[in-house]
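Please look over the sequence and the model shown here before reading on.

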Amino acid sequence: MFLRNFREQGSQEEGRYMKAINLVSEMGGDSLDVDANDVFEYDNDLYTKMVRYPMEVLAIFDIILMDMVGRINPLSEKHIQTRIFNLKNTTSMRNLNPSDIEKMVSLKGMVIRCSSLIPEIREAVFRCLVCGHYSDPIVVDRGRISEPTMCVREECRTKNSMTLVHNRCRFADKQVVRVQETPDEIPEGGTPHTVSLQMHDKLVDAAKPGDRVEITGIYRAMTVRVGQTQRTVKSLFKVEKLIKLSERSDIYDLLTRSLAPNIWELDDVKKGLLCQLFGGSALTLQSGANFRGDINILLFGDPGTSKSQLLQYIHKLAPRGIYTSGRGSSAVGLTAYVAKDPETGETVLESGALVLSDRGICCIDEFDKMSENARSMLHEVMEQQTVSIAKAGIIASLNARTSVLACANPSGSRYNPRLSVIDNIHLPPTLLSRFDLICLILDKADEQTDRRLAKHIVALHFETPENSEQNVIDLPTLIAYLSYARKNIYPQLSKEAAEELKRGYVEMRRRGNFPGSSKKVITATPRQIESVIRLSEALARIRFSKSVEKKDVLEAFRLLEVALQQPATDHATGTIDMDLITTGVSASEKMRRDNLVGLTRNIIMDKLQLGGPSIRMLELLEELKKQSINAELHLTDLRNALGTLASEGFVVVHGDSVKRV
């Protein structure tokens with residue numbers, strides 16, 4: 001009666017499930033999804049019985065459903081089953097008790113492992129080894145097959161002569177999936193609990209490692225392990241509401257305000273993180289070349305500037321992703337490690353944080369404290385987006401199409417503006433150059449700023465009428481908006497945007513040309529134009545636009561310049577120099593070092609003879625200061641210059657003395 005009579009409140013049209021049954025019958029489907037809340041609204045008693053005695057009630061549901069399908073389409077022989085989803089109460093994994101066995105439960109968690117496809121027998125056929133007679137198909141009953149003890153043929157009747165004929169049996173797909181509880185449900189000092197799911201038929205490969213899922217199923221007690229039969233349905237969002245939201249003229253600023261509203265200002269940093277969440281479009285050319293669409297961001301700066309708070313919020317917002325700390329991460333923990341499968345006993349690869357974050361965001365806190373071995377694994381992931389493994393006879397290349405969001409503190413706790421980013425953070429330049437945006441967050445003392453920041457923090461704890469009304473989007477809507485954009489919107493570059501990209505890149509490169517100087521400073525590299533393209537596509541996705549417009553490119557260039565303004569600015573010239581990030585040494589510093597080496601060579605040629613007496617370093621330094629325009633010369637600079645000359649075989653340095661050879 002429920003399937004036939006249930007209608008939306010106030011609606012006189014044909015029932016929702018009658019429409020769904022007609023559709024399943026026409027499309028040849030094998031399941032009907034039933035919302036448990038609808039069952040509760042229709043009959044509270046039926047809902048209670050369904051949760052307490054699911055095996056019996058679901059069997060009745062299936063019988064009635066097949067009867068209704070038979071009336072609609074008498075020729076249909078396909079078995080259609082009922083799948084329940086959206087129970088009113090969700091149970092935590094660690095709260096599951098023996099009293100829950102054989103009852104319907106709903107769990108939330110993250111998929112950490114999926115087994116390969118396992119064939120499960122449904123109908124068995126046996127053949128007599130003596131006379132060759134085939135038995136009728138025997139249906140599996142509660143996981144057991146009643147094997148015939150003798151041949152049923154009257155002329156034969158031989159005992160214990162029946163053997164299974166595999167190619168005449170009917171099998172169904174099965175998969176064992178391991179689900180781990182979410183981090184917010186793990187108590188202090190506890191380890192995460194896991195549950196095994198048995199996926200059947202169409203549900204096989206419905207979830208991948210790293211997916212966050214809500215499962216509705218029957219909690220079963222197995223002889224080997226505690227398992228569960230999953231019946232799940234993907235969440236559906238009201239698309240019309242999201243499209244209407246995307247048509248707002250201030251959607252970019254609205255989403256920026258909604259991103260971590262408890263963190264004050266940092267608008268440009270939030271806009272960069274917003275672009276990372278939406279991401280660009282990956283491109284594969286006919287030649288086989290791949291261009292990643294994921295954006296990598298490094299948050300770097302003084303302690304107490306809410307870097308870790310932003311990381312936690314992005315992790316909560318991202319549809320897929322793993323949060324890890326640099327100090328607590330090993331190389332195999334980030335990539336993949338070898339383990340023994342408890343189901344089959346075979347050696348299998350267990351995915352690490354970067355592989356589990358495929359198509360999502362991997363948040364790495366305390367990036368500067370990560371071991372050198374673990375950090376070296378990121379070079380391949382951040383550019384090629386794969387993880388290559390050769391362990392225990394397993395050679396594989398795993399997909400790690402993930403955006404990396406890392407945060408780090410300066411080596412001396414506080415950022416030193418006199419030093420370059422490389423000297424402040426002690427990260428290899430090859431790794432630093434793979435980040436699209438390097439956001440420097442500094443804690444500067446300013447009375448007006450401090451007052452406004454203090455007012456904001458106090459307002460979070462002390463509710464007043466003026467701060468209670470905030471025009472922001474709630475978290476579920478924000479997650480729905482983000483998921484829809486990543487799944488359905490793939491913007492393409494327009495002609496205007498392409499022209500603006502070329503013009504902007506040439507303009508950035510032109511800034512390195514100084515009049516009257518033969519030296520050219522690299523102010524942008526091809527990696528920067530790729531970053532701008534990714535940022536532009538992300539900005540178009542924010543508006544649900546199918547094409548990238550000129551204003552998207554202009555905003556992308558602005559975000560890139562804001563991010564490069566401090567990390568890549570050479571303090572000697574006041575201009576952006578990409579050599580600071582790619583090599584750790586600016587072009588002006590290289591020129592100064594070359595000039596110092598040349599001047600030192602000339603002084604040694606004037607003062608010393610081949611094979612003659614040596615000269616002390618302090619005397620040489622005094623002579624350099626007299627002849628050099630730059631009087632700020634230190635003994636360290638001289639030692640570096642002498643090291644270069646010694647490698648050329650021009651001088652020999654013994655302790656504090658220098659001798660020409």
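Predicted model: local features only at pLDDT ≥ 70, side-chain atom pairs only at ≥ 80, totals over all residues.

Residues are numbered from 1 along each chain as its sequence is written, and side-chain values use heavy atoms, with hydrogens and water left out.

Q: Is helix H8 roughly parallel or roughly perpendicular to H20?
A: Helices (H or I, at least four residues) and strands (E, at least two) are DSSP runs numbered from the N terminus. H8 (residues 267–278) packs against H20 (residues 526–542) at about 85 degrees, with axes 8 Å apart; axes are lines fitted to C-alpha atoms, for helices over the stretch in contact, and angles run from 0 to 180 degrees between N-to-C directions. Since angles under 35 degrees count as roughly parallel, over 145 as roughly antiparallel, 65 to 115 as roughly perpendicular and the rest as oblique, H8 is roughly perpendicular to H20.

Q: Which residues of H8 make the contact with H20?
A: Contact means heavy atoms within 4.5 Å. On the H20 side, the contact is made by Leu-535, Ala-538, Leu-539, Arg-541 and Ile-542, and on the H8 side by Leu-274, Cys-275 and Phe-278.

Q: Which strands are the edge strands of the open sheet?
A: Two strands pair if DSSP finds at least two bridges between them, and here 5 strands run in the order E15-E18-E21-E14-E22 with parallel pairing. The edge strands, each pairing on one side only, are E15 (321–325) and E22 (437–441).
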